[in-house]
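Here is a short note to read alongside the model. It takes the chain contacts first, then the symmetry.

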There are 4 protein chains.
Amino acid sequence: MHDSAATVDPLIAAVSAGVEVHDLGRTLRIGMPQSPNHPPYWHALPRRHGDMVRSDGGSAANDMISMGTHVGTHIDALAHVSQDGRLADGSDAREASLGGRFDALGAHTIDPIVRTGVLLDVPTALGSPEGLDGGYEITPANLELTAKVQGTTIEEGDVVLIRSGWGRHFDDYATFVGKETGVPGVGEDGATWLADRRPHAVGADTIAFECLKPGAGHGLLPAHRVLLVERGIYIIEAMVLDDLAAAGVHRFTFVLSPLKLYGATGSPVRPLAVVSRG
Amino acid sequence: MHDSAATVDPLIAAVSAGVEVHDLGRTLRIGMPQSPNHPPYWHALPRRHGDMVRSDGGSAANDMISMGTHVGTHIDALAHVSQDGRLADGSDAREASLGGRFDALGAHTIDPIVRTGVLLDVPTALGSPEGLDGGYEITPANLELTAKVQGTTIEEGDVVLIRSGWGRHFDDYATFVGKETGVPGVGEDGATWLADRRPHAVGADTIAFECLKPGAGHGLLPAHRVLLVERGIYIIEAMVLDDLAAAGVHRFTFVLSPLKLYGATGSPVRPLAVVSRG
Amino acid sequence: MHDSAATVDPLIAAVSAGVEVHDLGRTLRIGMPQSPNHPPYWHALPRRHGDMVRSDGGSAANDMISMGTHVGTHIDALAHVSQDGRLADGSDAREASLGGRFDALGAHTIDPIVRTGVLLDVPTALGSPEGLDGGYEITPANLELTAKVQGTTIEEGDVVLIRSGWGRHFDDYATFVGKETGVPGVGEDGATWLADRRPHAVGADTIAFECLKPGAGHGLLPAHRVLLVERGIYIIEAMVLDDLAAAGVHRFTFVLSPLKLYGATGSPVRPLAVVSRG
Amino acid sequence: MHDSAATVDPLIAAVSAGVEVHDLGRTLRIGMPQSPNHPPYWHALPRRHGDMVRSDGGSAANDMISMGTHVGTHIDALAHVSQDGRLADGSDAREASLGGRFDALGAHTIDPIVRTGVLLDVPTALGSPEGLDGGYEITPANLELTAKVQGTTIEEGDVVLIRSGWGRHFDDYATFVGKETGVPGVGEDGATWLADRRPHAVGADTIAFECLKPGAGHGLLPAHRVLLVERGIYIIEAMVLDDLAAAGVHRFTFVLSPLKLYGATGSPVRPLAVVSRG
């Protein structure tokens, strides 16, 4: 029994004492930047108020949405990426999608995440708090330094969020996608450094999590291979991290509850960083 | 600073001590039951592994989704329902949707919810734990009795979930929608009783939250009027509540983070009930 | 030169002399009957007049559509059906869809059709002009008889339309789909008889062209195998044929111009039967 | 009776004698250029061959499509544009869309077109057959000259197609849309000249039919006002006209059969120019 007043659930006690919720998710809007590889987010109101009024004076409006799953802030399911024809579980990547859905590693297999999260605010640690340049590769040394400067430790099972500052370009479609400018992020080395800390998931404020060189597009994604395929670590992209960084929050309770989209390769999400009020 | 080892955030401490996460969201699948008023959930994989392999042996699969927002487990934004031409904030309901989106009361205005949640397991309290009959109207007396039997108190700002047991029919499309059978739930009286407790949101394991009489369809929805329009209380529908009830969890930390769908009338969600491990 | 007044194009002359156009296509509406195997037709207006008025007082409304291609009146591309792993051109059916599109036999490869069409009004010939019963299999003898009664000859390359009368049930979703009632149409024998006349395409006023037995669903579709895979003959479904039959038009110029949907398995269409005014 | 061998339908005779069909429609592909005001065309195969094989060795593949209606080659319904709050029939433009569909002037009200068509090959007449420059406004004098050079007369009820040559840029997204370069076409004067000839419909090989000045976008569309709203003349856009021009075909039988999309503001189409073989 969990509802006896006699034994207060410590979690309820902590929440009741006051928490601050930092919203790490983007607003989904028509026209927001996203990878051209995915169906864009679109929305319409098939029914508006006044279209059909019931006998009691009530009416309901509703929506129609079309989209990929790697739109806005989103999490990659393990099924998203294959290497040499294999998925993270060693299965044949082509056979795994028979039926038009990934039964074993689809988005519906991502458990809700309620874990300790840490923010590595790299540009602040490197002395340019506004953000890194397009194409800048965040190295293991950068990550080490950031953790040290912040006094942040990473435990196995944590969720590690890497701020690059590139999120400031979200309202500028071409720059956020970064085809010409590139996008800052970890490369294979940084991804390996992260994976070696054995996090449950990693995230960033960029469209593809990893470093994209100017003009290179999404042709090679080594961090996806290391994290998703080789280590089974989820990747969260296009997060809102500037507010969290500005608040100086580097350790928090991270909550992410992806839509249980059966067989899909990912899900749009609205992750939260929750901290007790001081 | 929140990351000093010296001052442990009580929330992090509570989570680190061990929590159990109850998943209250439905899996979204092609063919799942939903109201015929909304575009049905559909999914395809535009790209499967093997369709396009990059030079390094990697490949990515992706998704295409079409849906309404009141699909699967979902939350209603305040913009969803109007009464006598007015929305919850008193604005003109038709004007509020100009531009094809609800700027003031759309789904993007629903803040993430991290609050105390309570479950009112009505059928168990009434002696038929499997569930109520189609069309059964849950009365204020039923709700009072359930709270009393459970020893559950409802505080202002809580999220109150009403279990009817109808979720057991989710795999039977026609029954879950309930056009012929009806669906159990609160009527105007029960909704008013709930609203008087001043909850932040309410939820149920049914398609429309409220009592639907056999053959009546969704023609009259008085609980929506009371809750959404008159009191500004969010409604969450098609929740998975049987597992939570079976575990005897009646008070918990409730987490819900709707997609920030700009201007939409609701969002599919995957709510969580989180409890500290005993 | 085709524009000299001196040499009048005979086709222009025929059209200018007066033609009657019979519309053989269904109206596409939300909620119309279609096979549950395909994404249903949905429509919304993302922008209505008044949402955004330009400086000169003009405004534009627009649409958002989600659908399968086998919706409303539609034509099957040869890529739609495979038998024993092979398509109509003998290619491996699975490999043919690599890339998420059928390059060789997709809907974009269906040339516009401007040919002689013939209508076989089977129920009228059989003495029940309103229509055949659900599950009735139209035999070669029925087809022979109909052609004879009508005085209709079928030439190689013609488009042959089979009226069953089942189109009268289009406004009754369950009956038109025919899961319980079955649907009248040709079976393997009738399809073979048709194929032996070497038509360019065949069509019917039913959801699947061929005979569906009550309760049988779409589990076996031998006419599709014979026509699409073995003979390379297009199939047109859910046509409106009652008006044409009522007008006694059995031979006409048939025009069908499918959308050139790259790589798709079919296209919604609005076929026409055009006849000179007497 | 139309099927007696004794009285051959002149249209059938003309078609049987041999016709050449010029396809004036674009292939619909993911990524093709279209106005950003409309949901882009997207396609996926929810089911591929091999995903589900029936007991008899057969399998069916199918499609999922999301799009606006003003995609690829398309026709504007009269409901598409309003001026000063009124539609072509004088009705209140906002009220006309109540219910989320245009009952009176939607795409379902566009009758199939089987009429004489004429091509005005403006750039060839002006001595630059490849095509006009971005932003060039085709004047009444240009249209007069073209008709004269070609020896083409326009009769009331004809369909008049204006070639600008801009279709050569269809594979170059940015240029075809023309935000920076502009797009050639008629302005208000040219539209009025056309309207005064009382055509049934007009068309062009550009994204918006009318002249767009470099950098001006779609902010002002006077030709749409003149043609759709003031005169009730349909507009067809993004046509393929270069092949027809290269073949020197200036008069033909024009066939266009829009999808009967109930209440929509337009329809993708695949128009045909049909000529008797010499």
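1. Contact between chain C and chain D involves 99 residues of chain C and 99 residues of chain D (contact: heavy atoms within 4.5 Å). This is a predicted model: local features need pLDDT of at least 70, side-chain atom pairs count only at pLDDT 80 or more, and totals for chains, interfaces and linings use all residues. Residues are numbered from 1 along each chain as its sequence is written, chains are lettered from A and ligands numbered from 1 in the order written, and side-chain values use heavy atoms, without hydrogens and water.

2. Chain C and chain D bury about 7,900 Å² between them (accessible area, 1.4 Å probe, lost on being put together, summed over both parts). Carbon and sulfur atoms give 56% of that area. His49(C), Lys260(C) and Arg270(C) supply 10% of what chain C buries against chain D, more than any other three residues.

3. Two salt bridges are counted between chain C and chain D (a side-chain nitrogen of Lys or Arg within 4 Å of a carboxyl oxygen of Asp or Glu). Lys260(D) forms a salt bridge with Asp23(C); their closest N and O atoms are 3.0 Å apart.

4. Now the symmetry. A rotation of 180 degrees, with 0.0 Å of shift along its axis, superposes chain A on chain B with RMSD 0.0 Å (least squares on the C-alpha atoms of residues with pLDDT of at least 70 in both). That is the relation of a two-fold axis. In chain A, the C-alpha of Ser66(A) is nearest the axis, 2.2 Å from it. The same surface serves both copies: 100% of the contact residues of chain A recur in chain B.

Terms used: Buried area = accessible area lost by both parts, 1.4 Å probe.
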